[in-house]
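Look over the sequence and the model before reading on.

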Amino acid sequence: MNENQAVQYLESLIGQTLRIHASDTRIFVGTFKCTDTARNIILGSTYEYRYPTPAVVRDAVADTEKDIKSAVAPPNVQVNMTSRFIGLVVIPGQHITKIELEETPQQTQIREVLRKP
C-alpha cells in the first residue's frame, strides 16, 4: 500500500467504531476521530473495558463451589469485564497492540456483496 492509499484508508475509518487493545489488557471501543505520525489514536464516545481482577475471579469461583458441592468436575465460571464511559480519549501508539474495525451485521453484508466479482 503506498502512502496515498494508506491516507485514503485512514480517512475512510474516520467516524467508524474501532476496538483498540492496549498493552495493559484494557480495550477501548469508540468512534475514530484522528491519528498522528506517532500512531496515537483519538477516539470519541469511548468505553473502556477491563478484565476482572484475580480477586473477583477467586470470589466467583468460591461462590460457585458453595452452590455446587456435589459436582464431580470443577464448574465453568464466567465473570464479566468491567466497563466505564470515558468519552474522548487519546491512546498512545506505543501501547496499542491490536486495532479492530467494529461492523454491524448490515455493514458486513454490504462488504461481502461488494467483494464478489
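Asp24, Arg26, Glu48, Arg50 and Arg84 are linked in a network of salt bridges. A salt bridge here is a side-chain nitrogen of Lys or Arg within 4 Å of a carboxyl oxygen of Asp or Glu. The structure is a predicted model, in which local features need pLDDT of at least 70, side-chain atom pairs count only at pLDDT 80 or more, and totals for chains, interfaces and linings use all residues. Residues are numbered from 1 along each chain as its sequence is written, and side-chain values use heavy atoms, with hydrogens and water left out.

**Salt bridges**

- The whole structure holds 7 salt bridges.
- Arg84 and Glu48 pair through their side chains at 2.5 Å, N to O. Arg84 lies in strand β4 and Glu48 in strand β3, so this pair ties together parts 36 residues apart in sequence. Strands are DSSP runs of E, at least two residues long, numbered from the N terminus.
- Glu48 is buried at 2% relative accessibility, while Arg84 is partly exposed at 47%. Buried means under 20% relative accessible area, exposed over 50%, and partly exposed in between, with a 1.4 Å probe and protein chains only.
- Glu100 and Arg19 form a salt bridge at 3.0 Å, N to O. Glu100 sits in strand β5 (residues 96-102) and Arg19 in strand β1, 81 residues apart.
- Glu100 also meets Lys98 in a salt bridge, at 3.6 Å, N to O.
- Glu100 is partly exposed at 22%. Arg19 is partly exposed at 26%, and Lys98 is partly exposed at 42%.

**His21**

- His21 is in strand β1, residues 17-22. His21 is buried, with a relative accessible area of 17%.
- Beyond neighbours within four places in sequence, His21 is in contact (heavy atoms within 4.5 Å) with residues including Arg26, His95 and Lys98.

**Nonpolar core**

- The largest nonpolar core has 11 residues, among them Leu18, Ile20, Phe28 and Ile96. Such a core is a set of buried Ala, Val, Leu, Ile, Met, Phe, Trp, Tyr and Cys residues joined through side-chain atoms within 4.5 Å.
- Strands β1, β2 (27-35), β3 (41-50) and β4 (82-91) each supply at least two residues of this core. The largest share, 3 residues, comes from β1.

Methods. Helices (H or I, at least four residues) and strands (E, at least two) are DSSP runs, numbered from the N terminus.
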